[in-house]
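I opened this entry to keep track of what I looked up. My notes follow the structure below.

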Amino acid sequence: MNELFEDFDEIADLAEGLEDPEAGGRIMAIMELADSADPAAIPYLAKAITDEDAGVRKQAAIAFTDFDGPDTSAALVGALTDSDPDVIAAATVSLSELKDPAAGDSILPHLEDEDPVKLAACLSGIKELRRPEAIGAAIKAIQHETPDVRIQAVGVIGWLQDEMSLPALREATKDTDPKVRRTALSALGFSKSEHAEVTLINGLSDHEWIVREAAAETLAKSGGTACLAPLRVALLDDYWQVRLKAVRTLGKLKATEAAMEIGPMMDLPVPNLRKECAAALGELAVPETIQFLEKYADDTDPDVRKNVRWALGKLAA
């Protein structure tokens with residue numbers, strides 16, 4: 001706690017600024033209360049988030065990013081019904097910053113709210129708190145008509161890392177919205193089951209590149225030997241972003257059989273991809289790939305140079 005504000009009376013003195021007839025003065029008071037980082041400021045901020053001025057309410061919602069706990073989440077949940085979309089947006093962001101599991105107490109009763117904006121925000125807020133009580137509502141929300149609600153619901157399930165929810169996540173990978181499918185594939189990273197791997201491999205063939213990218217990336221966490229051949233096919237994807245994640249994953253999985261396919265990709269005119277190729281070739285340490293690395297020891301991109309020289313050092317060891 002900031003020593004300047006250890007005395008509750010000093011917080012009360014700062015809070016007097018909330019009575020300023022000018023909105024600007026009240027906003028300054030909120031900023032000072034936030035800077036205190038003193039939990040004693042929470043009741044004052046909770047009052048400010050109901051101020052008549054939308055700018056003041058928005059600043060109060062922003063200020064709550066510096067606080068945690070049930071009282072904070074209760075105030076933010078209340079702000080989700082504000083008439084101003086900027087206030088709702090600020091409250092949504094602050095909800096997602098909560099880390100104290102107890103903060104979920106104020107969110108749980110709203111996980112079946114009919115307002116999709118509020119429901120999505122509450123799911124987002126509960127996600128990293130890992131409250132098991134949220135699993136039922138999250139699975140139900142996967143069927144919601146609003147994509148953002150479905151995305152947040154999948155996120156809740158993924159963070160809980162419950163193998164019993166695997167069927168729901170696998171079903172979400174077939175969603176009509178690519179962002180939902182992408183989030184579901186990423187959420188499968190916790191599972192080592194064969195069913196999860198099969199689903200991720202199928203994701204490499206999705207018609208949207210952002211979904212294929214997520215599948216290629218997530219296989220680094222939960223993939224086995226069955227995914228190596230499909231990942232090697234992904235090295236030829238039309239999108240370099242997918243290729244990059246496939247390269248990275250093959251490197252992490254020590255797929256030495258892919259080294260001579262990754263090597264020629266060093267010639268592609270995408271620095272980020274060359275950087276990943278160099279890193280993967282260093283991980284795989286196949287002597288025949290030195291020829292592909294040496295050409296780029298003095299690459300114009302410093303990150304590529306760094307990775308190439310590291311990889312050459314690994315190969316020379």
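I started with a salt bridge: E213 pairs with K245, and their closest N and O atoms are 3.3 Å apart. E213 lies in helix 13 and K245 in helix 15, so this pair ties together parts that are 32 residues apart in sequence. I noted that the model is a predicted one.

I then checked burial. Both E213 and K245 are buried. K245 has 11% relative accessibility, and the cut-off for buried is under 20%, so K245 counts as buried.

K245 has another entry in my list, a salt bridge with E217, with the closest N and O atoms 3.8 Å apart. E217 is in helix 13, so this pair links parts that are 28 residues apart in sequence. E217 is partly exposed, at a relative accessible area of 34%.

Next I looked up the two helices. The axes of helix 13 (residues 209-222) and helix 15 (residues 240-252) come within 8 Å and cross at roughly 10 degrees. Angles under 35 degrees count as roughly parallel, so that is how I describe helix 13 and helix 15. Among the residues that meet are W209, R212 and L219 from helix 13, and V242, A246 and T249 from helix 15. I sorted the residues of this contact into six nonpolar, two polar and six charged.

Elsewhere, I found K118 in a salt bridge with D113, at 3.5 Å between the closest N and O atoms. K118 is buried at 9% relative accessibility, whereas D113 is partly exposed at 23% relative accessible area. For the whole structure I wrote down 20 salt bridges.

Technical notes. Residues numbered from 1 in each chain as written. Predicted model: local features only at pLDDT ≥ 70, side-chain atom pairs only at ≥ 80, totals over all residues. Heavy atoms only, no water. Axes fitted to C-alpha atoms, helices over the stretch in contact; angles between N-to-C directions. Helix = DSSP H or I, 4+ residues; strand = E, 2+ residues; numbered from the N terminus. Parallel < 35°, antiparallel > 145°, perpendicular 65-115°, else oblique. Contact = heavy atoms within 4.5 Å. Nonpolar A, V, L, I, M, F, W, Y, C, P; charged D, E, K, R; others polar. Salt bridge = Lys/Arg side-chain N within 4 Å of Asp/Glu carboxyl O. Buried < 20%, exposed > 50% of the residue type's maximum accessible area, 1.4 Å probe, protein only.
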